[in-house]
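Me: I would like to learn how to read the inside of a protein model. Could you take me through it slowly, one feature at a time?

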Amino acid sequence: MQPVQHGIATAARPGEWDLLGRYWDAANYLTVAQIYLKENALLRRPLGVDDIKPRLLGHWGTSPGLSLIYAHLNRLINRTGAQVLFVAGPGHGGPAVVANLYLEGTYTDTYPRIGRDNDGLRHLIRQFSTPGGIPSHVGPPTPGSIHEGGELGYSLMHATGAALDNPGLIVACVVGDGEAETGPLEGSWKAPAFLNPARDGAVLPILHLNGWKISGPTVLGRQADEQVLALLRAHGWDPVVVSGTDPALVHPQLARALEHAHAGILEIQSGARLHGTTGPARWPAIILRTPKGWTGPAEVDGVQVEGTFRAHQVPLAGVRENPAHLAQLEAWLRSYHPETLFDDAGCLAPELAALAPQGQLRMGANPWSNGGAVQVPLPLRPLEGYALRIGVPGATKHETTKPLGEMLRDIYTDTSGNPRFRLFCPDETTSNRLGAVFEATDRCLMEPARESDEHISAGGRVMEVLSEHLCQGWLEGYLLTGRHGFFASYEAFAMVSASMTVQHAKWLQHARKLPWRKPVPSLNILLTSTCWRNDHNGFSHQGPGLIDTVLSLSGTVVRVYLPPDANTLLAAAAHVLSSKDYVNLLVVDKQEHPQYLTLADARAHAAAGASIWAWAGNAGEAHPDIVLACAGDVPTEETLAAAWLLQRHVPKLRVRVVNVMDLLVLPPRDVHPHGLPDAEFEALFTADCDVVVAWHGYARAFHQLLHGRKNPGRFHVRGYNEQGTTTTPFDMVVLNRMSRYHLALAALGRTARTVEGMDALREHCVEMLARHEVHIHEHLEDLPVIRDWVWTPPVPGPGSPGHSAPGPAVARPAVEGDQGNE
């Protein structure tokens, strides 16, 4: 296969390719040694069975390609002084990257016990894929890494996020051809439409086609160069091909390609920074075709290994049992001539050590790879500038997320001199009522603008692309390099990237255990357009499953907040934007909802996580007959309406209302650090009273949180139970049996006392549910008594059950002052 020619021939120094080849040999040797050996690291004596690890784990196939690229990037850095961040997409390339980090010295700098001598080499090989050691992925323990690669598909989007607002950085991203088959990676090729060379860094994709996955061929590996080139060109890249099986020929090709790419990046950036942008840049990209398992065993037991899927993991798996395999492993290791690479003390030969960059130019020491070390806090203005004024709680309605948009707008304004905040959203910023940000910036798009566009420009810093994967992946790369942001999504479709959320939480969980890893800004996910208010879109848009996903993760890194109104959302947003090393999930709908708490009350409620809303009940200091608990905006409204019904029609029944904003106060303290002590938990919910719960998500998730509490069976949870369609807002809660009438009936059925008015209220609730069913099918909207209901202090007495006086107008409230609830 003929490589595509490009650029000017590299002026190689005398013997340079030989030296580079030996450096590559050293990296390959240490990679094989990590996979196989526990002793005899440099083969100072014949290899024996006792030198071999009892469990052989690791992946050889992708490793020589990674080491080849790493060595050549080192050469480029030395020649140009470029600041390069290395992202290894191939999932199991850990031993190769660790080998290169060891050779350049950053591994020893980070872990001094892994010294650059014989003892250090012994520790290096013994730790790989062994108990108490390091994993086979390029995970949090790997210096220089912001990307693990265990779950394939995210490398190029992480690289793109790292480059945003990072004008001096080049992110070299190795994409494996197996990874290139995933949906997220396929979407990632769209980066040129969003990377602005006037203010962003560069992403240099290196698509490594070694042709094979674990047991079969890859699609791009089997396609002709012309097809792969056309794919990348169609997405806006300017790719070249480097191809070969002879290292003597591949070394100068790859060096030439990298120098050409670097020159192209500088030309694109200097032009944009001097003269502005005129459209998407044609960023360089490299397609590298080399054999899988290159330089490893050509055959094993007469079957081809090198250049096939058989090289993917451990090519010689039976070395402890099969003397012929052991001899072949020794021959393989000695083919790299370790005696010429390391001296008697186990130190890398000086002429090879000199090939690595120095200081922070080493890719393992790039400061952006430890983003917590370079972050600058966000400026947050006082929340009083955004808060809603509250009179009678629940009597005012407002679009809950709109004040948050105003807060984010001002963050954009206040960081314009040092850009370090972005909102990522799949084409839903305006829909989610966050459109105030467009008063400060635009949507980013490098494609040509049209007269009919609104808030679209190359200089915009709101990232909208109709891919949850890209939005979250870009944000993760942005956060792990020390910047801040929000990912806002329709609730149901955040499940598209749920597995990314899991992987990011795992990264944070392990990074927390590494003292050299500095805390990074938290991953903040705002779920809006929620299941309860997607009555207009239908069943496909109704699903609160990400809550369940997040609750299953380690309590050390996850937080889940359900603000009941705008002021509590502001309090939560200020908290999560200042937090570090968490995955924060905020769930709140974008539509008009009742507003309950002043800013002062909202702050207190947010700090407590759960509170008794004394104004909503009538139990006072007395022991209640029933506790109505709620978590989420729609459940809160239905709970308050149920409490209103109970107090109006059964006034002698003692009702307490508890609102839960921080879900993780519910489990015991030994399960989650936010868990309330038993005494505080019982101060809210009592020790023995039945609790009827209206809950935003699946009931099983709420019950899961209560495990370990005393008598959890007294909690009776109504939540979303996969009943939905295109219908009215109130019909959604009726279908899922969480309406005010269902809650009131449940409360009446769970009280220990029989009180006057209970039977009449039961009949009324049943009648209202029947009326509702008839009305929505005849009039196509909810009953006025439902649609127009607002909270007013319930007054027992005669009158039409379920009716209330109209509430105040719902025009935009003034900014809250210092007054309390009226």
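Reply: Let us start with a definition: on a 1 Å grid over the protein atoms alone, a cavity is a set of points where a 1.4 Å probe fits but cannot get out, and its lining residues have an atom within 4 Å of a point. The model here is predicted, so local features need pLDDT of at least 70 and side-chain atom pairs count only at pLDDT 80 or more, while totals for chains, interfaces and linings use all residues. Residues are numbered from 1 along each chain as its sequence is written, and side-chain values use heavy atoms, with hydrogens and water left out.

Me: Which residues line the second largest cavity?

Reply: Its lining consists of Tyr-70, Phe-86, Val-97, Leu-101, Val-138, Thr-142, Pro-143, Gly-144, Ser-145, Met-363 and Gly-364. Seven of these are nonpolar, four are polar and none is charged, where Ala, Val, Leu, Ile, Met, Phe, Trp, Tyr, Cys and Pro count as nonpolar, Asp, Glu, Lys and Arg as charged, and the others, Gly among them, as polar.

Me: What is the volume of the largest cavity, and which residues lie nearest its centre?

Reply: A volume is the space filled by probe spheres set on the grid points, which are joined across faces, edges and corners. For the largest cavity this comes to about 90 Å³, and among its 13 lining residues Trp-507, Ala-511, Arg-517, Lys-518 and Val-520 lie nearest the centre.

Me: Which residues have the most contacts inside the largest nonpolar core?

Reply: A nonpolar core is a set of buried Ala, Val, Leu, Ile, Met, Phe, Trp, Tyr and Cys residues joined through side-chain atoms within 4.5 Å, and buried means under 20% relative accessible area (1.4 Å probe, protein chains only). The largest core has 179 residues, and Tyr-36, Leu-663 and Phe-685 have the most contacts inside it. Apart from it lies another core of 47 residues, Trp-644 being one of them.

Me: How are the rings of Phe-685 and Phe-715 arranged, and are these residues buried or exposed?

Reply: Rings of Phe, Tyr and Trp (its six-membered ring) pair if their centres lie within 6.5 Å, and planes over 60 degrees apart count as edge-to-face. The centres of the Phe-685 and Phe-715 rings are 5.4 Å apart with their planes at 70°, so this pair is edge-to-face. Phe-685 counts as buried because its relative accessibility is 1%, and Phe-715, at 3%, is buried as well.

How values were computed:
Buried < 20%, exposed > 50% of the residue type's maximum accessible area, 1.4 Å probe, protein only. 1 Å grid on protein atoms, 1.4 Å probe; cavity = no way out; pocket = protein on both sides within 12 Å on 5 of 7 lines; lining within 4 Å. Phe/Tyr/Trp six-rings, centres within 6.5 Å; stacked < 30°, edge-to-face > 60°.
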